[in-house]
Amino acid sequence: MRVFLLEDEYALRVSIEEFLEDLGYEVESFESGADFFDRFFQCHCDLILLDVKVPGVDGFTLLREIREAGSKTPAIFITSLTHVDDLAKGFELGCCDYIKKPFDLRELQVRMEHALRRECFGSVEERIDLGDGLWYDTRRFELVQEDQILPLTRQERRILELLLQHRGQVLPVERICEAVWGEYVDGANVRVHINRLRKKLGKERIKTIHGVGYRLDS
């Protein structure tokens, strides 16, 4: 899971980034609203964490412009603004949660997990059953067969998450490249990772739609 973090307070930004990376997230952090906005439309992310009072473009304005551009990426405000009017404004702009500073990093983890399970996987369940004793842990980002963890590389895990988010739908190769590598890569590279995933999931679960992409059958 890739997270974009906007926070201008250095110590807090580094603490959040290190905490989330230890949990298995990929994190890109920014201290300026303008830098965040430029990068957001260059690279896919799964969730955004927005401070409000930051240099340049503030967090409220950023989310408004992101939503007006058509993005539905789940967003959580992390802010020192505690007035109920600010809380209401955050939700009106399209955030899925609003965390008031100071907060415990564990609280952030719980709220992020809930938002991602609901928005990305269409469920708040902590595990997605893939059948035959195989399931994906949406909290630990682990593929498990019975009680055995099946190791995933970063690319394999990201591709699996994308397929799970779009179960039953054809996922174009270009979309996979954008989300996993941030740019177009050779289709042969994608096939290599898909084939490695098939060895762990079972060959029949991931279908190849020739000339288009791949589909994970429900």
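**Entry 1: the aromatic rings**

Is Phe 36 buried or exposed? I looked this up first, keeping in mind that the model is predicted. Phe 36 has a relative accessible area of 0%, so I noted it as buried.

Next I turned to Phe 30. Phe 30 comes out at 11% relative accessibility, and buried means under 20%, so Phe 30 counts as buried.

Then I went through the ring pairs, and the count came to 10 aromatic pairs. I picked out Phe 30 and Phe 36, whose ring centres are 5.5 Å apart. Their planes stand at 80°, and planes over 60 degrees apart count as edge-to-face, so I wrote that word beside the pair.

Which residues do ring pairs link into a cluster? I found Phe 4, Phe 30, Phe 36, Phe 37, Phe 40 and Phe 41.

I moved on to an open sheet of 4 strands, which I traced in the order 6-7-8-9 with antiparallel pairing. Its edge strands are strand 6 and strand 9, since each of them pairs on one side only. From one strand to the next, the twist averages 30°.

A reminder to myself: strands of a sheet pair through backbone hydrogen bonds, either parallel or antiparallel.

How many bridges join strand 6 to strand 7? I noted 4, with the two strands running antiparallel. I also found Gly 131 standing opposite Leu 134 in strand 7.

Helix 6, residues 154-165, packs on this sheet and touches strand 6, strand 7 and strand 8. I wrote down about 100° for the angle between the direction of helix 6 and that of strand 7.

One side-chain note belongs on this page too. The charged end of Arg 127 sits over the ring of Trp 135, and I have it at 3.6 Å from the ring centre.

Where is Asp 132? I found Asp 132 in the loop between strand 6 (127-131) and strand 7 (134-137). Its phi is near 55°, a positive value in a residue other than glycine. With a relative accessible area of 68%, Asp 132 is exposed.

I also checked Glu 146, in the loop between strand 8 (142-145) and strand 9 (148-150). Glu 146 has a positive phi of about 60°, although it is not a glycine.

Last, I looked at the loop between strand 5 (97-100) and helix 5 (105-121), where Pro 102 has its place. A cis peptide bond joins Lys 101 and Pro 102, and I noted an omega of about -10°.

Conventions
Residues are numbered from 1 along each chain as its sequence is written. This is a predicted model: local features need pLDDT of at least 70, side-chain atom pairs count only at pLDDT 80 or more; totals for chains, interfaces and linings use all residues. Side-chain values use heavy atoms; hydrogens and water are left out. Buried means under 20% relative accessible area, exposed over 50%, partly exposed in between (1.4 Å probe, protein chains only). Two strands pair if DSSP finds at least two bridges between them. Axes are lines fitted to C-alpha atoms, for helices over the stretch in contact, and angles run from 0 to 180 degrees between N-to-C directions. Contact means heavy atoms within 4.5 Å. Rings of Phe, Tyr and Trp (its six-membered ring) pair if their centres lie within 6.5 Å; planes under 30 degrees apart count as stacked, over 60 as edge-to-face and the rest as tilted. A charge sits over a ring if NZ of Lys or CZ of Arg is within 6 Å of the ring centre and within 35 degrees of the ring normal.
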